[in-house]
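Reader: I would like to learn how to read the features of a protein model. Where do we begin?

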Amino acid sequence: MKQFLRFILPPLVPLIVVVLIAEWIVARGLVPSWLIPAPSQVVKAMGRDPRELFGAAFDTTIASLIGFTLSTIVGMILAILMATGGLIQRAFYPYAVLFQTIPLIAIAPLL
């Protein structure tokens with residue numbers, strides 16, 4: 001019980017509060033349900049057709065792995081080229097520094 005109070009309860013309380021607030025906001029019509037569905041609607045949809053959920057999760061996982069693999073390969077190639085070639089380094093280094101100083105959330109829509 002002591003471990004439950006120490007490790008499980010602290011992250012569980014904000015989750016429950018956020019879920020209840022989201023449910024209340026949608027129930028009151030403050031936000032349309034097509035924009036942010038109520039948590040109860042999400043649970044019902046998951047129970048209706050779990051194959052659709054798992055299919056979408058699988059597709060998302062595969063797309064993420066492909067994107068991660070490609071970005072790793074391209075990043076490693078560019079890093080090797082920048083480390084070994086002076087012209088390549090002079091061409092790409094300013095952009096590398098620029099992208100490190102701008103928050104990722106601001107760059108993501110551009111990419």
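Author: Begin with exposure. Buried means under 20% relative accessible area, exposed means over 50%, and partly exposed lies in between (1.4 Å probe, protein chains only). Val19 has a relative accessible area of 34%, so Val19 is partly exposed.

Reader: What kind of model is this, and how are residues numbered?

Author: This is a predicted model: local features need pLDDT of at least 70, side-chain atom pairs count only at pLDDT 80 or more, and totals for chains, interfaces and linings use all residues. Residues are numbered from 1 along each chain as its sequence is written, and side-chain values use heavy atoms, with hydrogens and water left out.

Reader: How many helices and strands does the protein have?

Author: Helices (H or I, at least four residues) and strands (E, at least two) are DSSP runs, numbered from the N terminus. The protein has five helices and zero strands. The order from the N terminus is α-α-α-α-α. Val19 sits in helix H1, residues 2-27. Pro14 is also found in helix H1. At 44% relative accessibility, Pro14 is partly exposed.

Reader: Which residues form the nonpolar patch on the surface?

Author: First the rule. A patch takes residues with over 30% relative accessible area and no salt bridge; like charges are joined within 9 Å, nonpolar side chains (Val, Leu, Ile, Met, Phe, Trp, Tyr) within 5 Å. Areas come from the Shrake-Rupley method with a 1.4 Å probe, and for residues only the protein chains shown count as cover. Here the patch consists of Met1, Phe4, Leu5, Phe7, Ile8, Leu12, Leu15, Ile16, Val19 and Leu20. Together they have about 970 Å² of accessible area.

Reader: What is the radius of gyration of the protein?

Author: The radius is taken over C-alpha atoms; the globule rule is 2.2 Å times the number of residues to the power 0.38. A compact globule of 111 residues would come near 13 Å, but the protein has 22 Å. The C-alpha trace spans about 60 × 40 × 30 Å along its principal axes. Buried residues make up 5% of the 111 residues.

Reader: How many salt bridges does the structure hold?

Author: Side chains of opposite charge can pair when their charged atoms come close. A salt bridge needs a side-chain nitrogen of Lys or Arg within 4 Å of a carboxyl oxygen of Asp or Glu. The structure holds one. Arg51 pairs with Asp49, with the closest N and O atoms 3.8 Å apart. Arg51 is exposed at 71% relative accessibility, while Asp49 is partly exposed at 29%.
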